[in-house]
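Here is a short report on one structure. Look at the model first, then read on.

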Amino acid sequence: MPLTKELKKQLTGEFGRGPKDSGSPEVQIALLTNRINQMTGHMQLHSKDYASRRGLLGMVSRRRRLLDYVKRQDPQLYLDLLRRLEIRK
């Protein structure tokens with residue numbers, strides 16, 4: 001299921017720096033996390049879908065790079081993002 005406009009708007013409002021902010025790392029990480037969660041469910045049903053697996057690994061790598069950037073710039077924001085998105089256990 002792709003990201004709907006309503007869900008994207010909700011995530012942008014929740015994690016963005018302003019009402020129209022869609023490019024900040026926090027919003028990008030939130031959107032990627034949502035897509036990763038959807039793809040994880042897909043991969044559990046279709047374990048041999050190797051093309052989707054490759055896309056999923058790319059999304060995880062992109063999110064990891066964005067998280068590393070946020071960690072360098074603002075460590076407190078990094079910890080807050082991890083807690084709010086429940087990325088770490």
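## Two packed helices

This is a predicted model. Helix α2 (residues 25-45) and helix α3 (residues 50-73) have axes that come within 9 Å and cross at roughly 150°. An angle over 145 degrees counts as roughly antiparallel, so α2 is roughly antiparallel to α3. Their crossing is left-handed.

Which residues make the contact? From α2 come Pro25, Gln28, Ile29, Leu32, Thr33, Arg35, Ile36, Met39, Thr40, His42 and Met43. From α3 come Ser52, Arg53, Leu56, Met59, Val60, Arg62, Arg63, Leu66, Leu67, Tyr69 and Val70. By class, this contact of α2 with α3 has 13 nonpolar, 5 polar and 4 charged residues.

## The nonpolar core

In soluble globular proteins, nonpolar side chains tend to be buried together. Here, the largest nonpolar core has 20 residues. Phe15, Ile29, Leu67, Leu81, Leu85 and Ile87 have the most contacts inside this core. Helices α1 (5-15), α2, α3 and α4 each give two or more residues to the core. The largest share, 8 residues, comes from α2.

Leu81 is worth a look. Its neighbours within four places in sequence are left aside here. Leu81 is then in contact with Phe15, Glu26, Ile29, Val70 and Glu86.

## Glu86, after α4

Where is Glu86 placed? Glu86 is in the segment after α4 (75-85). Its phi is near 55°, a positive value in a residue other than glycine.

Is Glu86 buried or exposed? The cut-off for exposed is over 50% relative accessible area. Glu86 has 67% relative accessibility, so Glu86 counts as exposed.

Methods. Residues are numbered from 1 along each chain as its sequence is written. This is a predicted model: local features need pLDDT of at least 70, side-chain atom pairs count only at pLDDT 80 or more; totals for chains, interfaces and linings use all residues. Side-chain values use heavy atoms; hydrogens and water are left out. Axes are lines fitted to C-alpha atoms, for helices over the stretch in contact, and angles run from 0 to 180 degrees between N-to-C directions. Helices (H or I, at least four residues) and strands (E, at least two) are DSSP runs, numbered from the N terminus. Angles under 35 degrees count as roughly parallel, over 145 as roughly antiparallel, 65 to 115 as roughly perpendicular and the rest as oblique. A crossing is left-handed if the near helix is turned anticlockwise from the far one by less than a right angle, and right-handed if clockwise. Contact means heavy atoms within 4.5 Å. Ala, Val, Leu, Ile, Met, Phe, Trp, Tyr, Cys and Pro count as nonpolar, Asp, Glu, Lys and Arg as charged, and the others, Gly among them, as polar. Buried means under 20% relative accessible area, exposed over 50%, partly exposed in between (1.4 Å probe, protein chains only). A nonpolar core is a set of buried Ala, Val, Leu, Ile, Met, Phe, Trp, Tyr and Cys residues joined through side-chain atoms within 4.5 Å.
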